[in-house]
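Here are my notes on the model you asked me to look over. Please read them with the structure open.

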Amino acid sequence: MLETIFADSSTLESLGHVHNDEAVFVLPFIDREMADRLAKVLAIRAQHPGLVVLVNDDERMGFMKIANYLCSHSTSRYFGYLAQDAFPGDDWLRAAIRTLDGSSSSLLAFNDGRMHGTLAVFGLARRSWLATLYHKFVFLSRVQKAFRRHGTVRHRRPSGAIRLQPRLHHGRDRL
């Protein structure tokens with residue numbers, strides 16, 4: 001049900017335009033062994049149609065540039081981003097699509113409890129919502145520059161965003 005494609009950042013242009021009716025995810029990686037294992041886990045646990053494009057960052061373009069490139073060169077109802085060390089649970093994609101389909105929210109940020117619940121290691125957004133924010137991108141490009149310069153970026157959660165996270169904060173959810 002969930003398909004995977006591997007590509008290198010140095011040859012992304014040869015990938016052409018990518019399409020999936022439901023969801024396209026980008027997963028930049030630098031550790032091929034971890035990416036291979038994750039691709040299998042993602043496909044087994046998704047329980048929903050979609051496409052994950054795993055991109056070996058052989059040119060060290062960086063996570064956000066690769067994500068923005070693929071977002072602008074693909075079509076689907078939803079676009080998502082994954083980290084190479086994010087191993088989701090069973091039915092992760094089916095639950096995410098159902099959650100967004102059943103709400104008026106446009107961004108679903110998955111959180112595993114790291115960084116006190118403030119860091120989403122992967123997320124899924126409605127493309128129609130993304131188009132109102134950053135044109136054809138998933139991340140604002142000036143955030144990339146700030147991240148490189150200061151090592152961290154703090155910003156407010158956009159309106160229309162929801163976040164799934166485990167209760168690892170002694171019974172308190174941090175939104």
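Predicted model: local features only at pLDDT ≥ 70, side-chain atom pairs only at ≥ 80, totals over all residues.

1. Strand S8. Residues 122-126 form strand S8, and five of its five residues are buried. Phe-122, Leu-124 and Arg-126 point one way from the strand, while Gly-123 and Ala-125 point the other way. In a regular strand, side chains alternate between the two faces of the sheet. Both sets in S8 are buried, and Arg-126 is among these residues.

2. Neighbours of S8. Strand S6 (residues 78-81) pairs with S8 in the antiparallel sense, over four bridges. Within that pairing, Tyr-78 has Arg-126 as its bridge partner. Strand S7 (residues 107-110) is also antiparallel to S8 and is joined to it over four bridges. There, Leu-124 of S8 stands opposite Leu-108.

3. The largest core. Nonpolar side chains tend to be buried together in soluble globular proteins. In this model the largest nonpolar core holds 25 residues, and those with the most contacts inside it are Phe-25, Leu-27, Leu-42, Val-52, Trp-92 and Leu-124. Two or more residues each come from strand S3 (23-29), helix H1 (32-46), strand S4 (50-56), helix H3 (92-101), S7 and S8. Apart from this core lies another, of 19 residues, including Ala-7, Leu-70, Cys-71 and Trp-129.

4. Leu-42. Not counting residues up to four places away in sequence, Leu-42 touches Leu-2, Leu-27, Val-52, Leu-82, Pro-88 and Trp-92. Of these, Leu-27, Val-52 and Trp-92 are also listed with Leu-42 among the residues with the most contacts inside the largest core.

5. Start of the chain. Met-1 sits in the segment before strand S1 (2-8). Met-1 counts as exposed because its relative accessible area is 66%, and the cut-off for exposed is over 50%. Leaving aside neighbours within four places in sequence, Met-1 is in contact with Gln-47, His-48, Pro-49 and Gly-50. The C-alpha atoms of Met-1 and Gln-47 are separated by 6.8 Å, although the two residues are 46 apart along the chain.

6. Positive phi angles. Most residues other than glycine have a negative phi. Where are the exceptions noted here? Arg-60 has a phi near 55 degrees and lies in the loop between S4 and helix H2 (63-72). Arg-60 is exposed, at 56% relative accessibility. Asp-91 has a positive phi of about 60 degrees and belongs to the loop between S6 and H3.

7. Salt bridges. Side chains of opposite charge can pair when their charged atoms come close. The whole structure has five salt bridges. Arg-77 forms one with Glu-22, with the closest N and O atoms 3.1 Å apart. Arg-77 is in the loop between strand S5 (74-75) and S6, and Glu-22 is in the loop between strand S2 (18-19) and S3, so the pair ties together parts 55 residues apart in sequence. Arg-77 is partly exposed at 38%, whereas Glu-22 is buried at 18%. Arg-77 also meets Asp-101 in a salt bridge (3.2 Å, N to O). Asp-101 lies in helix H3, so this pair ties together parts 24 residues apart in sequence.

8. The side chains of Asp-91 and Arg-94 meet in a salt bridge (2.9 Å, N to O). Arg-94 is partly exposed at 27%, and Asp-91 is partly exposed at 29%. Shared partners join Glu-22, Arg-77 and Asp-101 into one network of salt bridges.

Conventions. Residues numbered from 1 in each chain as written. Heavy atoms only, no water. Buried < 20%, exposed > 50% of the residue type's maximum accessible area, 1.4 Å probe, protein only. Pairing = 2+ DSSP bridges. Contact = heavy atoms within 4.5 Å. Core = buried A, V, L, I, M, F, W, Y, C linked by side-chain atoms within 4.5 Å. Salt bridge = Lys/Arg side-chain N within 4 Å of Asp/Glu carboxyl O.
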